[in-house]
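Good morning, everyone, and thank you for making time.

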Amino acid sequence: MTIRPEVADQAERLRALDPQQSFIVQAPAGSGKTGLLTQRFLVLLARVDSPEEVVAITFTRKAASEMRQRILQALTTAQDTSPPQEEYARQTWQLAQRVLAHDQAKDWQLLENPARLRIQTIDSLCAGLVSQMPILSEFGVLPSIAEEASDLYQEAARQTIEVVESEGEWSDAIAHLIAHLDNRLDKLQQLIASMLARRDQWLAYLAGPHHEVLMRDKLEAGLTEWVTDALRTLVDQAPAVNRAEIVALAKFAANQPETGDSVIAHCQTLQDLPGWQITDRPQWEGLATLLLTSKGELRKRVSKNEGFPPASQGSHPEEKAHYREMKQRMEDLLQALVTENEFVQQLALIRTLPPHQYREDEWETLQALFKLLTVAAGYLEVTFREMGQVDFPALTLAAIQALGEPDAPTDLALALDYRIQHLLVDEFQDTSFNQAELLARLTAGWQPDDGRTLFLVGDPMQSIYRFRQAEVGLFLEIRDHGVFGQIPLEFLRLSVNFRSQQGIIDWINQHFPAILPAKDEIASSAVSYAPSVAFHAATHPEAVTLYPSLQRDDQAEAQQIASIVQQAKMAYSSGTTAILVRNRSHLVQIIAQLKQAGLRFQAVEIERLTHRSIIQDLLALTRALLHHGDRIAWLALLRAPWCGLTLQDLYALAGGDFQKTIIDLLRDSTQLAQLSEDGQQRLARVLPIVESAIIQQAARSLRRNVEGTWIALGGPACVTDETDLDDAEVYFQLLEELTEAGQLPDIQILDERVARLYALPDVMADGSLQLMTIHKAKGLEFDTVILPGLGRTGKHDETKLLYWMKHQLKSGYPALLLAPISAMGDDANPIMTSLRQLDKSKGYRENGRLLYVAATRAKHRLHLFGHVNHSDAEIMEIKPPPENSLLARLWPVVKAHFQALLNAQVSDKESAENASKELTTQWLPLLPAKRFRLAADWASPPPPEAVKVTIAASRQITEESIEFDWAGETARQVGTVLHRLLQHIGKTGIECFGRQDLFRFEQAGRVLLMQNGVAQTHFDHALMQLSTALKTLWEDERGRWILSGQHADAHCEWALSGMREEGLDHIVMDRTFVDATGIRWIIDYKTGTHLGSDIEAFLDREQLRYRPQLERYANLMQQREQRPIRLGLYFPMLREWREWPYAIK
């Protein structure tokens, strides 16, 4: 048997397997947390009557899958009667053997039925709860879950703003906020949508206009306690030896004429250091101004502005001497306070505290926000029902509702209380308040010593999901109090790191006590460092290497990283290397350098597709087809490599006329004659393809139209490798997703969704080099870890309509803190500023934890890259890096290295310059890519022989574009838009909409007409035609029957392909369905109008005209199914109808 070296925390690991006891376990990075969870799960499985009584909850599908695989692997291994040699594996084998014996006795057959293992994500748990209580959760049948719900939020936000015109009870509140934001409706819509994405964090508090917690006195009581908590801390940290001196000097300064208008004057009657009551705050603020600079740093000297006039200002010798003495005493005091860091920091914090009461205008805006956000949440529910989708926050809220209140549990909660005997929760440090509430309701009926156990495991030093509202203070509070609800928990701390070698652990143990806060504090989310013990001996003398730079140079950094990657491949031939960054944008230059060096890598959701030229060109093509008036998109289409017009030709085409659309200019032969011969030749090939795409836009899906046009233009011939084709497919799938509801996507939503597309991983890469964010790397390990861009800042805080925080107070109770957005153009309101500052300080502390997560991924080597912008070589003191950078957290450790670099450069400037030149010559600059475009006479290559055989037997069947061949451009555009709206109505079913929805469809039609480039002179008439058609449709029983959602096998804009005697045929049917009698209907919409008197003759001619086309459709449908078919023409503009039977052939 292989015996492990002594494991320092083995006693804690064995204690954690006690099936009678509940625990909260702090398991730092590399401590074998998943292995411990696996062993405890096995211990519990061997004792229960049913495997479903043991439930493990994780926060990611990956973690749930890994834990399930480990348990199944343990059970599979335990079937072998030969125990493993390694000690941990042997222990797991023994536990698994007991489970197999229990499994056989209970006839579970777990290996044949692994689904009985209850290991799931918290989202999966919520979905299960909701599906079991469809009425209480108010979901009914569980709808599909939208992984990306931004378009749903935007739609709900848009509907909310429209309420202002309805003159309803919420109109005044919404009008107030519109005025508050200076009538920026676009900004208000974005802010509402952003709030809806986080509504699980605030919606519970807005349950009703008179909700207790939203009463003004309750909110202001929370503000007051926040302030007094900070004052209590300040009182506790006040220095004992200098108290009398602080009071005496402050009183002296406050009584000087120069400080009469300063807050220092509040100290005029000071007899002792102030207390912690609200009334003591002005005196503390006076002391802060006296002792600290505007940046919150301890003063080095004082002047008359702080109440210490120069001796020369004295009127007689005694006064002069007194002034001199007091100033000297003040400077001595400041020197003595240098060691009182905690007091100085807390005193600086006093300045950032909010007022303890709202101003009247702030409260008015808050009340308006309460109403608006409640309305917005309601419209989002309506949107969810219309689209048949929900998001993850809706799932969590519904699950909590399905369980009922702790003192009034539902039948589901009681049933789960009976079924669940043991609950294990992984990564508990990343639990939010809502998720903790869900767990509390699941265990509400548990009592001490009733045989049920709770096992919480996590590491507060790895709490890095604050942006998902993870609250590390929950872990700290439960750990310190030893109880969760009614369940007592024993605290265990693991310490052994089985991942990293001794050198890395020593470096982390040495430096992270200075990087993380000195002590834990629940209220501020401060987590102190807990040291680890290395299990593996040192493997490299330079475990951690720092690469400091006095200037940001992304290219030089990327080249150095490429060199390190190559060295790592030689040092660890079968090892792995990871480049971990805080933001994906930090990898742009590195990716380019790795590609230039021929180093393949895997990057999941890292490289944004918006940087790829193929996606930029496809987006331009899409925007051009969606909006004929988008000049930039059309010019980009013509500049793209499939057309390749020169800048001179583009200017000749469009530079002289800014009124006409580009497509109109392309149709002007006089305008085209001004282009070069090469340009005219290129447009002669491209223009017919684009015109065809415009004509077919109403009959094709957006994906089919864009993809088909791209292929016809020669897009695939412009790619550089197969990865470009994969990226194009990702884009086409997005177009398909965005048009699933039948409507063309809003341009803004399209841009936002494209911005979130990422390149697919390189299928040729072997996984030895991986690029990812630090957040994605959590739970992983690599032989070599490289951390670039430590000097770069993170994302800026986004503006919110409502700032909120559930802040843990010293009393042990959380307070709800709320502040409204400041009015446009006004100074930030002080409560909002304080909340943002509090949130920012929590973010800075999380940056230290993020750095810890990154550093602890490394097994053998860790490389750190950071820069400061020190441009003036004459200044010998380096300014610290930006506070929001990871380097700022690391600064206490690395400052000396940067200073040494500066000293070396100054002392030997010439050598440094020579070295810089030498370095530059060693690194080849990135050469700009040459412009590529297809040849002017390019033609699509012939298809492969296998395809040619099929097509050779067929001739091209041209489908007449007869609907608009006689009509003007505006009539064609109106018809196109009406087709799109009817498609959406038919897919959903007209009975799902009320007459009040007509306004929504008219607004959508307005947008679509604009996107289709309807001329301004014809726009009002086109909109009137569209509105008339929709109103007519709504009142027409025939129209409502056609668009009903009650029909079987119903389709809108249904594309089919099939063979006819003449060849391969492609069709698109406007509307088809099977009625209650089993008849298949094929219906075409005809959106033309008739101004003559003989309407019947007109309809007869139209039926004769379109009969061959519809019978072609029926012919293909007949090949698909055998049933009676009837054909119909519907004229929504005229409220007319023609139908006839199809003679089955």
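Predicted model: local features only at pLDDT ≥ 70, side-chain atom pairs only at ≥ 80, totals over all residues.

In which crossing, left-handed or right-handed, does α2 pass α3? Residues are numbered from 1 along each chain as its sequence is written, and side-chain values use heavy atoms, with hydrogens and water left out.

The answer is that α2 passes α3 in a right-handed crossing, where right-handed means that the near helix is turned clockwise from the far one by less than a right angle, and left-handed that it is turned anticlockwise. Helices here are DSSP runs of H or I with at least four residues, strands are runs of E with at least two, and both are numbered from the N terminus.

Helix α2 covers residues 33-45 and helix α3 residues 61-77, and the two pack at an angle of about 55° with their axes 10 Å apart. Axes are lines fitted to C-alpha atoms, for helices over the stretch in contact, and angles run from 0 to 180 degrees between N-to-C directions. The angle makes α2 oblique to α3, since under 35 degrees counts as roughly parallel, over 145 as roughly antiparallel, 65 to 115 as roughly perpendicular, and the rest as oblique. Among the residues in contact (heavy atoms within 4.5 Å), Phe41 and Leu42 of α2 meet residues of α3 that include Met67 and Ile71. By class, this contact has 7 nonpolar, 3 polar and 2 charged residues, where Ala, Val, Leu, Ile, Met, Phe, Trp, Tyr, Cys and Pro count as nonpolar, Asp, Glu, Lys and Arg as charged, and the others, Gly among them, as polar.

Turning to helix α4, residues 87-106, its axis and that of α2 come within 8 Å and cross at roughly 30°, which makes α2 roughly parallel to α4. This crossing is left-handed, and the contact includes Leu36 and Val43 of α2 together with Leu95 and Val99 of α4. The residues of this contact divide into 8 nonpolar, 5 polar and no charged.

What, then, of α3 and α4? Their axes come within 8 Å and cross at roughly 80°, so α3 is roughly perpendicular to α4. Here Ala74, Leu75 and Thr77 in α3 meet Thr92, Trp93, Ala96, Val99 and Leu100 in α4, and the contact divides into 6 nonpolar, 2 polar and no charged residues.

Lastly, a spot elsewhere in the chain: aspartate 762 is found in the loop between α30 (747-755) and β18 (769-773).
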